[in-house]
Amino acid sequence: MTTVHIAGDSTASRKRAADAPETGWGMALPLFLHRDLAVANHAVNSRSSRSFIAEGRLAAILGAAAPSDVLLVQFGHNDQKTEDPSRCTEPWTTYQSFLRRYVAEARAHGLRPVLLTPVERRGFDPGGRAVDTHGEYPAAMRALAEEQAVPLLDIHALTLALWEKLGAEETKRYFHWTETERDDTHFNPPGAIAIARLVATELLAKGVLSPREVRRLDAEIPGSRITWPEA
């Protein structure tokens, strides 16, 4: 069985029952993949391309993965944390250097690396236009993907366009907005399902997965399909 491994941060990670309805898009990805594909969600809250490697998390994936498995790599949110040297990277130097390590080590172990630009946060300017909050990181990843001939899923561009289309009010239905939370970074079930649909669609479009390996790309998926494990 082929496994799709996810290396990423809190926007993708698996949440627990105490976190509901907050939902990482990695929790919804299995809804769009054939049952013969497994999803191993290694994404962890607050990690960057640097800290994920420093904590041995990439090594753990490589130790558990099988040749021909897929490794999805999405970082950027916490690479921006300039106040934290254990996480921060610079787009055109250290960020690209760490991404090269994911690509090189995945290939050395027979895995198929795929780079995903970071999902965009919910933000709008006074004119109602969706705001890009990731600076040079998406461009740096796009350039690195071209340099390394790695499939790139431009989730940043796709989500920025989606938020622009939906508008400031409608996008609240996709993020972790509750009576007590006003979170414009993390998703609720509809948001996670929307991002996972984009990821699966792009995996098909870029030839990473075949038509028989994806499903339900155009189907309505209720948020009730998401479940949160107990701690």
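In which helix is the place of Ala60? Ala60 lies in helix α3, residues 57-64.

The model is predicted, so local features need pLDDT of at least 70 and side-chain atom pairs count only at pLDDT 80 or more, while totals for chains, interfaces and linings use all residues. Residues are numbered from 1 along each chain as its sequence is written, and side-chain values use heavy atoms, with hydrogens and water left out.

**View 1**
Ala60 is partly exposed, with a relative accessible area of 48%. Here buried means under 20% relative accessible area, exposed over 50%, and partly exposed in between (1.4 Å probe, protein chains only). The C-alpha atoms of Ala60 and His42 are separated by 9.2 Å, and these residues stand 18 residues apart along the chain.

**View 2. The protein as a whole.**
The secondary structure comprises seven helices and seven strands; helices (H or I, at least four residues) and strands (E, at least two) are DSSP runs, numbered from the N terminus. In order from the N terminus, the elements run β-α-β-α-α-β-α-β-α-β-α-β-β-α. The radius of gyration is 17 Å, close to the 17 Å that the globule rule gives for 231 residues, so the protein is as compact as a globular protein of that length. This radius is taken over C-alpha atoms, and the rule is 2.2 Å times the number of residues to the power 0.38. Along its principal axes, the C-alpha trace spans about 45 × 40 × 35 Å. Of the 231 residues, 50% count as buried.

**View 3. The open sheet of five strands.**
The strands follow the order β2-β1-β3-β4-β5, with parallel pairing. At the edges are β2 (37-41) and β5 (152-153), each of which pairs on one side only. Two strands pair if DSSP finds at least two bridges between them. Strands of a sheet pair through backbone hydrogen bonds, either parallel or antiparallel. Strands β3 (residues 70-74) and β4 (residues 112-116) pair in the parallel sense over four bridges, and Leu72 stands opposite Val114 in β4. Helix α4 (residues 91-108) packs on the sheet and touches β1 (2-8), β3 and β4; contact means heavy atoms within 4.5 Å. The direction of α4 makes about 160° with that of β4, where axes are lines fitted to C-alpha atoms, for helices over the stretch in contact, and angles run from 0 to 180 degrees between N-to-C directions.

**View 4. Strand β1 and its neighbours.**
Seven of the seven residues of β1 are buried, so this strand is largely enclosed by the rest of the structure. Thr2, Val4, Ile6 and Gly8 lie on one side and Thr3, His5 and Ala7 on the other. Five bridges join β1 to the parallel strand β2, where Ala40 is the bridge partner of His5. Five bridges also join β1 to β3, again in parallel, and Val4 stands opposite Val70 in β3.

**View 5. The largest nonpolar core.**
This core has 38 residues, and those with the most contacts inside it are Trp25, Leu29, Leu72 and Val199. A nonpolar core is a set of buried Ala, Val, Leu, Ile, Met, Phe, Trp, Tyr and Cys residues joined through side-chain atoms within 4.5 Å. Two or more residues come from each of β1, α1 (25-28), β3, β4, α6 (155-170) and α7 (189-205). The largest share, eight residues, is given by α7. Apart from this core lies another, of 25 residues, among them Phe75, Tyr95, Ala106 and Val150.
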